[in-house]
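Please look through the sequence and the structure shown here.

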Amino acid sequence: MPRSYVHEARRRVGPKRARIVPIVERLAAEYPEATIALRFRNELELLVSVMLSAQTTDVNVNRVTERLFEKYKRPEDYLAVTQEELERDIFATGFFRQKARALRATMVMLLEEFGGRVPHSLEELVRLPGVARKTANVVAAELGDPQGIVVDTHVRRLSQRLGLTKQEDPVKIERDLQRLVPRERWGLFPHLLIWHGRRVCIARAPRCEDCAVNDLCPASRV
Ligand code: SF4
């Protein structure tokens, strides 16, 4: 895209600081039901679901966890079976060897260092084996205490298209978003972008004509 066109588009929509609140509000009105698609009933199930969701779909994880959570209710249950048995039980989520290893190591740490409970702070969550910053952010947000902003492929694409960041690296994108998005919306914001990214601002062919924020978006084709 020619530079002059990009410049003109940015000028047309105005500064990101002025756009962020209307963007959040309009998307929140558009997707009042935007929330995490994983199914869980307690903090441990939340942590396990998010760990299993790496490199697969939430639908797939829900299919697996429906049975998994009937069998594994406490951290001890993940350690009471062999690695191979756990691998079989989570096989359909992919990367089952890595995930089973991470789950078992995480359960050991939960029992040894956290009294069998899931910690709430980001610093503690990222210490759990196999729990990267993104996983920790998702878990903390669902526990009602978002301490960062989850950046997945949709959040990254939409933040760039909406002119909220010029960065490529997820950690730098998160930093830009943290400076912009009101703190009380940190948990909701990624859900809004993910829902919008799946339905309207699709990767290959964004449906700008149907987009609720097209007048606030420098990448709008309308
Ligand atoms: S106007 Fe188009 S590019 Fe911008 S957010 Fe909407 S769908 Fe995406």
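In helix H3, the buried residues are Leu44, Leu47, Val48, Ser49, Val50, Met51 and Leu52. A residue is called buried if 20 or more other C-beta atoms lie within 10 Å of its own, exposed if 12 or fewer do, and partly exposed in between, with the C-beta atoms placed from the backbone. Helices (H or I, at least four residues) and strands (E, at least two) are DSSP runs, numbered from the N terminus. H3 is mostly covered, since seven of its 10 residues are buried. These buried residues pack against helix H4 (58-71), H5, H6, H7 and helix H9 (133-142).

The model is a predicted one: local features need pLDDT of at least 70, side-chain atom pairs count only at pLDDT 80 or more, and totals for chains, interfaces and linings use all residues. Residues are numbered from 1 along each chain as its sequence is written.

The wider setting of H3 can now be described. The protein has 12 helices and zero strands. Its C-alpha atoms fill a box of roughly 60 × 30 × 30 Å, taken along the principal axes. Of the 222 residues in the protein, 34% are buried. Among the contacts with a separation of 6 or more, 58% are accounted for by residues 24 or more positions apart.

The domain assignment of the protein gives domain 1 (3-30 + 148-216) and domain 2 (43-142); such bounds come from an automatic or database domain assignment. The centres of the two domains, taken over C-alpha atoms, are separated by 30 Å. Seven residues from domain 1 and five residues from domain 2 take part in the contact. On the side of domain 1 that touches domain 2 there are four nonpolar, two polar and one charged residues. In this classification Ala, Val, Leu, Ile, Met, Phe, Trp, Tyr, Cys and Pro count as nonpolar, Asp, Glu, Lys and Arg as charged, and the others, Gly among them, as polar.

What does the interior contain? The largest nonpolar core has 49 residues, and those with the most contacts inside it are Leu47, Met51, Leu103, Val139 and Ile149. A nonpolar core is a set of buried Ala, Val, Leu, Ile, Met, Phe, Trp, Tyr and Cys residues joined through C-beta atoms within 7 Å. H3 gives the largest share of this core, six residues. Domain 1 and domain 2 both give residues to the core, so it lies between them. For Ile149, residues up to four places away in sequence are not counted; Ile149 then touches Asn137, Glu174, Leu177, Gln178, Val181, Trp186, Phe189 and Pro190.

H7 (residues 96-113) has 18 residues and reaches 25 Å from its first C-alpha to its last, close to the 26 Å expected at 1.5 Å a residue; the expected span is 1.5 Å times one less than the number of residues. Its buried residues are Lys99, Ala100, Leu103, Thr106, Met107 and Leu110. Seen down the axis of H7, these buried residues fall within an arc of 130°, so they line one face of the helix. The arc is that of the directions from the helix axis to the C-beta atoms. An α-helix has 3.6 residues a turn, so residues three or four places apart point the same way. The buried residues of H7 pack against H3 (43-52), helix H5 (75-79) and helix H6 (83-90). On the other side of H7, Glu112 and Glu113 are exposed.

Just after H7, Gly115 takes a positive phi of about 60°. Gln55, found in the loop between H3 and H4, has a positive phi of about 60° although it is not a glycine. Gln55 counts as exposed because it has 10 C-beta neighbours inside 10 Å. Phe95 has its place in the loop between H6 and H7, and its phi is near 45°, a positive value in a residue other than glycine. With 13 C-beta neighbours inside 10 Å, Phe95 counts as partly exposed.

Ile36 lies in the loop between helix H2 (16-30) and H3. With 19 C-beta neighbours inside 10 Å, Ile36 counts as partly exposed. Leaving aside neighbours within four places in sequence, Ile36 is in contact with Glu142 and His191. Ile36 and Ile194 are 158 residues apart in sequence and 9.6 Å apart in space, C-alpha to C-alpha.

Notes
Two residues are in contact if their C-beta atoms, placed from the backbone, lie within 7 Å.
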